[in-house]
Amino acid sequence: MVIQRCKTRLFSLVLVVAGLALGGAPLAGQSSFSGGMGVNFFRYDKAYLTALSATYLHGLGEGLELNLGAEFGINTDENDKGDTVPSFLIPLNLGLNFTFPQDLVTFVFGTGLSPVFNFNPDTDDEFYFYMGPYVKGAVRIRVHPIMSLYTEVQQDLLIGGDDWINTGTRFSLGINFALDPLTP
């Protein structure tokens, strides 16, 4: 009962922090949206296919942007009965990206906090919550005035679960769309 209340409070805290970060962002900055796919080597014992990665980016000033994102990952295993059983991973990102734009290429270094929700139906350990810092690097290649292709690598250090200290690496590829068209 106490653990359930702690999980609910942590989830509420994450939502409040995300709302405050988004509400406090200045409205004059360049905004963009990224969507992609990839793989998450969660704790290096299970690889999750990231079926959907979505991120909202909001410029906070020259070379700095707010990063609010989420991913949906899935992995399947065969249980003792021979049935295929899915497990789901939903990591969130709340952080800052430092951008280094060139003519057509932008290099990105990001850091922040990543709450992760792990659902394992049909097992003894149905739900785990992890949270910790992350660091990432990305490259965006502009292919259109409002569209860029990106590739990203992220390293997570997560606290929680039975092992308490967990690491993992995420790789993703996708498209970034500027919500405010660039002026030529």
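Guide: Strand β4 gives the most to the nonpolar patch, with three residues. This is a predicted model, so to speak a computed picture. The patch covers about 570 Å² of surface and is made by Leu60, Leu96, Phe98, Phe100, Phe107, Phe109 and Val135. Two elements give two or more residues to the patch: β4 and β5, the latter running over 105–119.

Is Phe109 buried, partly exposed or exposed? Its relative accessibility is 39%. Buried means under 20% and exposed means over 50%, with partly exposed in between, so Phe109 counts as partly exposed.

Now for the inside. Rolling a probe the size of a water molecule over the atoms shows where empty space is left. Searching the whole structure turns up one cavity of 30 Å³ or more. About 160 Å³ of space lies in this largest cavity. Its lining has 20 residues, and the closest to its centre are Thr55, Asn67, Lys136, Tyr150 and Glu152. Which elements give two or more residues to that lining? They are β2 (46–61), β3 (64–78), β4 (84–101), β6 (127–144), β7 (147–160) and β8 (164–178). Strand β4 is therefore a name to remember from both places, since it gives two or more residues to the patch and also to the cavity lining. Sorted by class, the lining of the cavity holds seven nonpolar, eight polar and five charged residues.

Key:
Residues numbered from 1 in each chain as written. Predicted model: local features only at pLDDT ≥ 70, side-chain atom pairs only at ≥ 80, totals over all residues. Heavy atoms only, no water. 1 Å grid on protein atoms, 1.4 Å probe; cavity = no way out; pocket = protein on both sides within 12 Å on 5 of 7 lines; lining within 4 Å. Points joined across faces, edges and corners; volume = space filled by probe spheres on them. Helix = DSSP H or I, 4+ residues; strand = E, 2+ residues; numbered from the N terminus. Nonpolar A, V, L, I, M, F, W, Y, C, P; charged D, E, K, R; others polar. Patch = residues over 30% accessible without salt bridge, like charges linked within 9 Å, V, L, I, M, F, W, Y side chains within 5 Å. Areas by Shrake-Rupley, 256 points an atom, 1.4 Å probe, with all protein chains shown as cover. Salt bridge = Lys/Arg side-chain N within 4 Å of Asp/Glu carboxyl O. Buried < 20%, exposed > 50% of the residue type's maximum accessible area, 1.4 Å probe, protein only.
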